[in-house]
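Here are my notes on the model you sent over. Have it open while you read, since the points go helix by helix and residue by residue.

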Amino acid sequence: MSSPRPLRADARRNREALLSAAREAFLAGDTDAHVEEIARSAGVAVGTLYRHFETREALIEEVYRKEVDDLCAAPEQLLDQHAPEEALRRFLLLLVDHAAVGKGMSIALESIMATDSPVFEDARTRMGDALTRLLDAGSATGTVRGDVTGPTLLRALGGICAMRVRDGWLDEARQITHLLLDGLLHGPPRTA
């Protein structure tokens, strides 16, 4: 089976404009944004939207997938620029910010939760792998404890970010994330 042809430059620009317009609408809380409004905001016809995304749900899924792609590209860049423990700190805060983006998109995302889409499981796997990469880098330098896995740390962050239904949750989530990081940096508890 042959791979799909690459998009022409104008088609690629239209696709990116549609993803950007949809992301902005969902983050602004316009969870009922119609495809016509998204297309208009992107400066394209609704037919162009449907050439790129067969359904509104396909558009929502791709917006979320792009958010996860951007997030999961961060560890390598962070490790190139920072010591492993600082890279881990920055990535943990990016994950909290990702939860804030998810809060804005949560109602829109509900429309794909009912489908058989693997997008959420794929996102959890990729985020756990990204955390594992950072934890392994820190463990190799002796600055981060080595007995915690990426998926476990992701579940801990999920618990922190579950507070997002309350006002002021983001500041509190960042504070708790710093406490979690302190535990990762100061090693496993001593046994008696």
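1. α7 and α8 run roughly antiparallel to each other (an angle over 145 degrees; under 35 would be roughly parallel, 65 to 115 roughly perpendicular and the rest oblique). Their axes cross at roughly 150° and come within 9 Å; axes are lines fitted to C-alpha atoms, for helices over the stretch in contact, with angles from 0 to 180 degrees between N-to-C directions. Helices here are DSSP runs (H or I, at least four residues), numbered from the N terminus. From α7, the contact uses Leu153, Ala156, Leu157, Ile160 and Cys161, and from α8 it uses Trp169, Ala173, Ile176, Thr177, Leu180 and Leu184 (contact means heavy atoms within 4.5 Å).

2. A word on the basis: this is a predicted model, where local features need pLDDT of at least 70 and side-chain atom pairs count only at pLDDT 80 or more, while totals for chains, interfaces and linings use all residues. Residues are numbered from 1 along each chain as its sequence is written, and side-chain values use heavy atoms, with hydrogens and water left out.

3. The largest nonpolar core has 53 residues (buried Ala, Val, Leu, Ile, Met, Phe, Trp, Tyr and Cys joined through side-chain atoms within 4.5 Å; buried is under 20% relative accessible area, exposed over 50%, partly exposed in between, with a 1.4 Å probe and protein chains only). At least two core residues come from each of α1, α2, α4, α5, α6, α7 and α8, and α4 gives the largest share, 10 residues. Ile38, Leu88, Phe91, Met127 and Leu184 have the most contacts inside this core.

4. Look at Ile38 next. Leaving out residues up to four places away in sequence, Ile38 touches Leu18, Ala21, Ala22, Phe26, Ala33, Leu49 and Leu59.

5. Ala22 sits in helix α1 and is buried, at 0% relative accessible area. Beyond its neighbours within four places in sequence, Ala22 contacts Ile38, Leu59 and Val63. From Ala22 to Val35 is 13 residues in sequence and 8.6 Å in space, C-alpha to C-alpha.

6. How many aromatic pairs does a search of the whole structure find? One: Tyr64 with Phe120, tilted, at 5.3 Å centre to centre and 55° between the planes. (Phe, Tyr and Trp rings, the six-membered one for Trp, pair if their centres lie within 6.5 Å; planes under 30 degrees apart are stacked, over 60 edge-to-face, the rest tilted.) The pair links α4 to α6 across 56 residues. Tyr64 is buried at 9%, and Phe120 is buried at 16%.
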